[in-house]
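Colleague: Can you walk me through this one? Start with whatever I need to know to read the numbers.

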Amino acid sequence: MASHAPDRFLRLNTVLDRTGLSRATLYRKIQAGTFPKQVKIAERCCGWRESAIEEWLQNPMFYEVAESGQRPG
């Protein structure tokens with residue numbers, strides 16, 4: 001049986017490196033609902049779920065965040 005690796009949290013610089021987006025474009029896309037929202041990790045620390053970034057990378061042109069904050073099934 002294959003073991004499932006836990007989802008990691010990626011920080012801003014890692015997300016920018018993986019996506020090739022600028023900081024301004026990334027936040028514009030979050031506001032428009034076309035990029036995964038960040039998750040609060042601690043009081044002054046946010047990150048993105050690695051699985052959400054990988055999902056966005058598979059089809060960035062048509063990615064949309066559902067109202068509940070989760071991707072539609």
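Modeller: Buried here means under 20% relative accessible area, exposed means over 50%, and partly exposed is in between. On that cut-off, 27% of the 73 residues of the protein count as buried. Keep in mind that this is a predicted model.

Colleague: How many helices and strands are there?

Modeller: The protein has 3 helices and 3 strands. The pattern along the sequence is β-α-α-β-β-α.

Colleague: What order do the strands take in the sheet?

Modeller: The order is 1-3-2, in an open sheet with antiparallel pairing. Strand 1 (9–10) and strand 2 (39–42) are the edge strands, and each pairs on one side only.

Colleague: How many bridges join strand 2 to strand 3?

Modeller: There are 3, and the two strands run antiparallel. Strand 3 covers residues 45–49. One of the contacts to look at is Lys40, whose bridge partner in strand 3 is Cys46.

Colleague: And which helix packs on the sheet?

Modeller: Helix 3, residues 50–58, packs there and touches strand 1 and strand 3. The direction of helix 3 makes about 50 degrees with that of strand 3.

Colleague: What does Cys46 touch, away from its sequence neighbours?

Modeller: Leaving out residues up to four places away, Cys46 touches Arg11, Gln38, Val39, Lys40 and Ile41. Arg11 is 35 residues from Cys46 in sequence, yet their C-alpha atoms are 7.0 Å apart.

Colleague: New topic. Which residues of the largest nonpolar core touch the most other members?

Modeller: Val15, Leu26, Phe35, Trp48 and Ile53, out of 13 residues in that core. Helix 1 (12–19), helix 2 (23–32) and helix 3 each supply at least two residues. Helix 1 gives the most, with 3 residues.

Colleague: Pick Ile53. What is in contact with it beyond four places in sequence?

Modeller: Leu10, Val15, Thr19, Phe35, Pro36 and Trp48 are in contact with Ile53.

Colleague: Which other residues of helix 3 are buried?

Modeller: Besides Ile53, Glu50, Ala52 and Trp56 are buried in helix 3.

Colleague: Why do they end up on the same side of helix 3?

Modeller: They cover an arc of only 160 degrees around the axis, so they sit on the same side of helix 3. The background is simple: an α-helix has 3.6 residues a turn, so residues three or four places apart point the same way.

Colleague: What covers those buried residues?

Modeller: The cover includes strand 1, helix 1, helix 2 and strand 3.

Colleague: Where do the two partners sit in the chain?

Modeller: Phe35 is in the loop between helix 2 and strand 2, and Trp56 is in helix 3. They are 21 residues apart, and the pair links distant parts of the chain. Both Phe35 and Trp56 are buried.

Technical notes
Residues numbered from 1 in each chain as written. Predicted model: local features only at pLDDT ≥ 70, side-chain atom pairs only at ≥ 80, totals over all residues. Heavy atoms only, no water. Pairing = 2+ DSSP bridges. Helix = DSSP H or I, 4+ residues; strand = E, 2+ residues; numbered from the N terminus. Contact = heavy atoms within 4.5 Å. Axes fitted to C-alpha atoms, helices over the stretch in contact; angles between N-to-C directions. Core = buried A, V, L, I, M, F, W, Y, C linked by side-chain atoms within 4.5 Å. Buried < 20%, exposed > 50% of the residue type's maximum accessible area, 1.4 Å probe, protein only. Arc of directions from axis to C-beta.
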